[in-house]
Each structure stands twice: as C-alpha cells, then as structure tokens.
Amino acid sequence: MNKVVLVTGANSGIGLALCERLLCQDTEGLQLCLACRNMHRGQAARSALLTSHPEAQVALLQMDTSSISSVISAAREVRLRYNQLDYLYLNAGIMPNPRFDVKAFFKGLFSSNVITMFATGEGILTQTDGVTADGLQEVFATNLFGHFLLIRELEPVLCHADQTSHVIWTSSSNAHRSAFNVEDIQHLRGIQPYSSSKYASDLLSLALNTRYNQQGLYSSVICPGFVMTSLTYSILPSFPAFLWTLLMPLFWLIRLFTNTFTLTPYNGAEALFWLFEQNPESLNPHVKYHSLTSGLGNNYTQPRKMDIDLETSESLYEKLLQLESEVKKKLEEKLK
Ligand SMILES: NC(=O)C1=CN([C@@H]2O[C@H](COP(=O)(O)OP(=O)(O)OC[C@H]3O[C@@H](n4cnc5c(N)ncnc54)[C@H](OP(=O)(O)O)[C@@H]3O)[C@@H](O)[C@H]2O)C=CC1
Ligand SMILES: CC(C)=CCC[C@@H](C)[C@H]1CC[C@H]2C3=C(CC[C@]12C)[C@@]1(C)CCC(=O)C[C@@H]1CC3
C-alpha cells in the first residue's frame, strides 16, 4: 500500500530536505504531496526531486497557510485526491522582520547562559509582526492557525478507525512558555510572535492527542536545531549568504559544545525522518523530538520533555475552535 505524505513548506529548506530523504528511503511506496504557497518554487522543488527520483509520485498543491480561504480550498482538493492521509508534516513557517539584539548577544557570550543562547536563541531575537488579509496576526496565522484549520478540514482523510495517521509539527527550541499568553494567543501585545507560535504548536499537539488518539490521529512535535536556511539568513539581512558559509568552521566548533547546531537542512530533517519510521502509538505526547548532530557529524534524534501542561493546552484548543467558527462565519458572509 502506498503511504500518502503531505508536507507544508516543502519547496525549500528543511521541508524539501525531508522530501528528498523520504524518497531516498522509498521511492515507489510513497505518494508525496508538496503543499506550497508559490507554485513556481513548488514546481522547481518537484522537478529537483523527480530528477533524482524519476520513478517517484510527487504531486503539487497550492496552499498559503496564512489565508483561511486558501487552506479551506486546498483541504477540499486533498479530500478529492486521497482517501487516506498517512502523514501530515506541518512545516511551513515564517519569522518576519527579525531583530537581532547584538548587545544581548555579546552579553550572553560571556555569561553562564551561553550554551542555552546558542541552542535556543533565547533573549537575542524579537520580531515585528504583520496582519493578514483575514485580519489575523501573520506569524500566528502562518505557523499555527492555518495548520490547525488544515487538520480540522482534513479530518475525513486523517481519522480512520482501522488505521493511524501521524501529524508532525516543525516546532523549535525557541518555543518559550514566557513568550506565550493564553489570553493573547495571536501575540498581539508582544515582540516574540515566532516563539509564541512555536510554543502554541507544542500545546496544540498535546491537545490534538487528547482529542483525536481514539480516532486514530496522533500528533508529535520536533525541533530541527539551528539550520542554515532562508529563515535564518534573514536574521542578519546585511549579512549575505556567502558570509554565513564563511562562518561554517566557527559553527562546527560551536557544535562541539552544543549538538543543536545541525546546520544543514538534511541534518535538521533527522527527527522528521525518524518519526516517519515510528509507530505513532508508541510515542510520548509530552516530549519534543530533537534533531541533533554530534561534534563528529553524526545525526540522531533525542526526545526531551516539553514545558507544557494539559490545562493550558485545553484552553488554547477551545480558543482555536472559537476563532475557527468566527473566521468561517465571516467567510460565509463574504461569499453570500
Ligand atoms: N532554520 C532553523 O534554524 C529552524 C527552523 N525551524 C522551522 O522549520 C520550518 C521550516 O523552515 P526552514 O526550512 O528553516 O525555512 P525556509 O524559509 O527554507 O522554509 C520555510 C517554508 O515555509 C513556506 N512558507 C512560509 N510561509 C508560508 C505560507 N504562508 N504558506 C505556505 N508556505 C509558507 C516557505 O515557502 P516560500 O518559499 O514560498 O517562502 C518555505 O517553503 C519552519 O517552521 C521554521 O520555523 C525551527 C527551528 C529552527
Ligand atoms: C558568530 C555568530 C554570528 C553566531 C550566530 C548567532 C545567532 C545568529 C544564532 C545563534 C543561535 C541561533 C538560533 C536561531 C537563529 C540564529 C541564532 C540566534 C533560531 C532562533 C532560528 C529559529 C529557530 O526556530 C530556533 C533557532 C535557535 C538557534
């Protein structure tokens, strides 16, 4: 039986590396669906995958996770194309207008917190958020809410009594409880929308397991480590990509102290790939699976307990359900 795998944000970075790794492992038994907001970039990714795996079944799906109508019509298309979805990788993500606090970085360098700072980016990154056409905070809509809506819309192909399906979130070590407020789930009143959205995905994953395990749907979260992709290049915009490459020897050195410097999309996709091979029923809903790379360059996956609780995860879920019904009502009124 072919396994059907849908990946959001599949046209670059960690998402594309995951697709490449999945096809290397099993070209013929997979039906890959690349969900991309930009079809030109999606086509380029599909062509690159088919060049190295000409026999593979790779489909494209247009979806902008920040747009309610786009997610709803993409989900409708998925329901038409497939009877069952085995894996749903929720990987698309943004960190817009990042601000790198140089002063805090140098202060952190000479503190006992230096390893945590390199592993999580804690205390040195803030962002300025935008607002989507639907009136939602952009980071929340793209990284979390669009994906939540997608799961809800895909229930008929994800929930089967006799078969399990696995939803896998690309979260982050930058997901901090301190950045999240259940009274402000969109992070309207803060300067760390990225961290808030990733913490919310950790909470949401737990709530999904509570509500859906009996229907065969399981959810897990991973952290890819620090990976050089367009998302990280944008952190220092005046720093061209080739300068980042020049820093590689320094990063390899840092890797001797923190195995979270996975650096390449291939390494970053380790935990995503590892989860593909696991029985979802055997996984712990309270842990995050980290992609790690040792000083010698060996990849492995390690589970680490998350700083989350059931009560907050349930409150978040209720608020997401409420927002879902509000946005759907608005959409219906618009279509009338
Ligand atoms: N790089 C790192 O160090 C880390 C990354 N992560 C997470 O990994 C995930 C992948 O990021 P990474 O590979 O690093 O970065 P990339 O920028 O390379 O990949 C992000 C992907 O998400 C897509 N995307 C962005 N916005 C939308 C949208 N509105 N609708 C649909 N797709 C969208 C992008 O598409 P497009 O090409 O059109 O922009 C792209 O394919 C993200 O969730 C990120 O938060 C987590 C921890 C560390
Ligand atoms: C010498 C030098 C220029 C070091 C780079 C320092 C920082 C730019 C990086 C150190 C740790 C990195 C990190 C991220 C971004 C870049 C750093 C702050 C993330 C926040 C990127 C997005 C994530 O989801 C988690 C990453 C954690 C580590």
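**Reading helix packing and ligand shells**

A: The crossing of α6 and α8 is right-handed. Keep in mind that this is a predicted model.

Q: How is the packing of two helices described?

A: Two packed helices are described by two things, the angle between their axes and the distance between those axes. Here, α6 covers residues 138-153 and α8 covers residues 193-212. The angle between them is about 20 degrees, and their axes are 8 Å apart.

Q: Are α6 and α8 roughly parallel or roughly perpendicular to each other?

A: An angle under 35 degrees counts as roughly parallel. The angle here is about 20 degrees, so α6 and α8 are roughly parallel to each other.

Q: Which residues of α6 and α8 meet?

A: On the α6 side they are Val-139, Phe-140, Asn-143, Leu-144, Phe-148 and Ile-151. On the α8 side they are Pro-193, Tyr-194, Ser-197, Lys-198, Ala-200, Ser-201, Leu-204 and Leu-208. Sorted by class, this contact has 10 nonpolar, three polar and one charged residues.

Q: At what angle do α6 and α14 pack?

A: Helix α14, residues 310-335, packs with α6 at an angle of about 80 degrees, and the axes are 11 Å apart. Angles of 65 to 115 degrees count as roughly perpendicular, which makes α6 roughly perpendicular to α14.

Q: Which residues meet in the contact of α6 with α14?

A: Phe-145, Phe-148, Leu-149 and Arg-152 of α6 meet Leu-320, Leu-323 and Glu-324 of α14. The contact divides into five nonpolar, no polar and two charged residues.

Q: How many residues are around ligand 1, and which come nearest?

A: There are 29 residues around ligand 1, and Gly-9, Gly-13, Ala-92, Gly-93 and Thr-229 come nearest. The elements giving two or more residues to this shell are α1 (13-25) and α9 (230-233). By class, the shell around ligand 1 has nine nonpolar, 17 polar and three charged residues.

Q: Which residues come nearest to ligand 2?

A: Of the 13 residues around ligand 2, the nearest are Phe-118, Gly-121, Ser-172, Asn-174 and Phe-226. The shell around ligand 2 has seven nonpolar, six polar and no charged residues.

Q: Which residues does UniProt list as "transmembrane region"?

A: An unreviewed UniProt entry lists residues 241-258 under that name. In the model, residues 241-258 are 78% helix and 0% strand, and the end C-alpha atoms of the span lie 23 Å apart.

Key. Residues numbered from 1 in each chain as written. Chains lettered and ligands numbered in written order. Predicted model: local features only at pLDDT ≥ 70, side-chain atom pairs only at ≥ 80, totals over all residues. Axes fitted to C-alpha atoms, helices over the stretch in contact; angles between N-to-C directions. Helix = DSSP H or I, 4+ residues; strand = E, 2+ residues; numbered from the N terminus. Parallel < 35°, antiparallel > 145°, perpendicular 65-115°, else oblique. Left-handed = near helix turned anticlockwise from the far one by under 90°. Contact = placed C-beta atoms within 7 Å. Nonpolar A, V, L, I, M, F, W, Y, C, P; charged D, E, K, R; others polar. Near = placed C-beta within 6 Å. UniProt positions renumbered as here; feature names shortened; annotations may be inferred.
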